[in-house]
Amino acid sequence: MSRRTLSLDDALYDYVVRLGVREHAAQLALRAATSSHPQAGMQISPEQGQLMGLLVRLIGARRCLEIGVFTGYSALCVALALPTDGYLLACDVSDEFTRVGKPHWQAAGVAQKIDLRLAPAIDTLDAQLAEGAAGSFDFAFIDADKTGYEAYYERVLQLLHPGALLAIDNVLWGGSVAHPALDADTLALQQLNAKLHEDARIDLALLPIGDGLTLARKR
Ligand code: CA
């Protein structure tokens, strides 16, 4: 029927979420708690959270990384998909945002899996590398400041083992990446997308879900 990805009108998008997403009550509650936030648009979409949870289960991930937590919905999606002894190292700089998510992590019974580090992510990642954690992570999600993405990518790639999966959010940036860059964020994403396209260290798929999600499997 279609040789290219559908564009979704509101009715079809609502259908996708209604029939394609199964949420824990805590996921619904956390989305509701975030919806009135002035920066609510930073939250990933429920169908993307569903995909990420499925991917985490599919690869049998036990040790995960998240760069950029916001109010913790994506961390909740990943933590719910992890086994009981699973571990998510979650990096963010904002106590104000991350504290919104904590009660919902508790309500879902996954708070003990999430190790939130409130510090610049580069510092946390460099400390992990210095501690010998290279090659020890199964899954990572980068969703933080866009001009920092390349630095996060290079460190995260070292922390993942061969065959591990990396997901990178906002790679389409509202569609702006397809046009001449007018700001530093768009330029950073364009440069990263171009770099990944040529990067022989990964297998690549760029999904037009949410605001664009790149999946990269470390070779
Ligand atoms: Ca995002």
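Modeller: Contact means heavy atoms within 4.5 Å. By that rule, and leaving aside neighbours within four places in sequence, G210 is in contact with S45, E47 and Q48. The model is predicted.

Colleague: Where is G210 placed?

Modeller: G210 is in the loop between strand 6 (202-207) and strand 7 (213-218).

Colleague: How far apart are G210 and W173, in sequence and in space?

Modeller: In sequence, 37 residues separate them. In space, their C-alpha atoms are 9.7 Å apart.

Colleague: Now the whole chain. How many helices and strands are there?

Modeller: The protein chain has eight helices and seven strands.

Colleague: What makes you call the chain's radius of gyration that of a compact globule?

Modeller: The value agrees with the rule. A compact globule of 219 residues would have a radius of gyration near 17 Å, and the protein chain has 17 Å. Along the principal axes, its C-alpha atoms fill a box of roughly 45 × 40 × 35 Å.

Colleague: What share of the residues counts as buried?

Modeller: Of the 219 residues, 46% count as buried. The cut-off is under 20% relative accessible area.

Colleague: What share of the contacts joins residues at least 24 apart?

Modeller: Take the contacts between residues at least 6 apart in sequence. Of these, 71% join residues at least 24 apart.

Colleague: How far apart are the mean positions of the charges?

Modeller: The 19 positive and 26 negative charges have mean positions 7 Å apart.

Colleague: On to the metal. Which residues coordinate the calcium ion?

Modeller: D143, D169 and N170 do.

Colleague: What spacing do the donors follow along the chain?

Modeller: The spacing is D-x25-D-N. D143 and D169 link distant parts of the chain, 26 residues apart. D143 is in the loop between strand 4 (137-142) and helix 7 (149-159), while D169 is in strand 5 (residues 160-169).

Colleague: Why is D143 called buried?

Modeller: Its relative accessibility is 12%, and buried means under 20%, so D143 counts as buried. D169 has a relative accessible area of 3%, so D169 is buried by that cut-off too.

Colleague: And why is N170 called buried?

Modeller: At 10% relative accessibility, N170 is under the 20% limit and therefore counts as buried. N170 lies in the loop between strand 5 and helix 8 (184-198). Its phi is positive, about 65 degrees, although N170 is not a glycine.

Colleague: What is the phi of F70?

Modeller: F70 has a positive phi of about 55 degrees, and F70 is not a glycine. F70 is found in the loop between strand 1 (63-67) and helix 4 (73-81). At 6% relative accessibility, F70 is under 20% and so counts as buried.

Colleague: Last one: how do you know that H104 counts as buried?

Modeller: H104 has 16% relative accessibility; the cut-off is under 20%, so H104 counts as buried. H104 is in helix 5 (residues 95-107). Not counting residues up to four places away in sequence, H104 touches A26, A29, L30, A33 and L76.

Terms used. Residues are numbered from 1 along each chain as its sequence is written. This is a predicted model: local features need pLDDT of at least 70, side-chain atom pairs count only at pLDDT 80 or more; totals for chains, interfaces and linings use all residues. Side-chain values use heavy atoms; hydrogens and water are left out. Helices (H or I, at least four residues) and strands (E, at least two) are DSSP runs, numbered from the N terminus. The radius of gyration is taken over C-alpha atoms; the globule rule is 2.2 Å times the number of residues to the power 0.38. Buried means under 20% relative accessible area, exposed over 50%, partly exposed in between (1.4 Å probe, protein chains only). Lys and Arg count as positive and Asp and Glu as negative; His and the chain ends are not counted. The place of a charge is taken as NZ of Lys, CZ of Arg, CG of Asp or CD of Glu. Donors are N, O and S atoms within 2.8 Å of the metal (3.2 Å for Na, K and Ca); water is not among the atoms, so sites may look incomplete.
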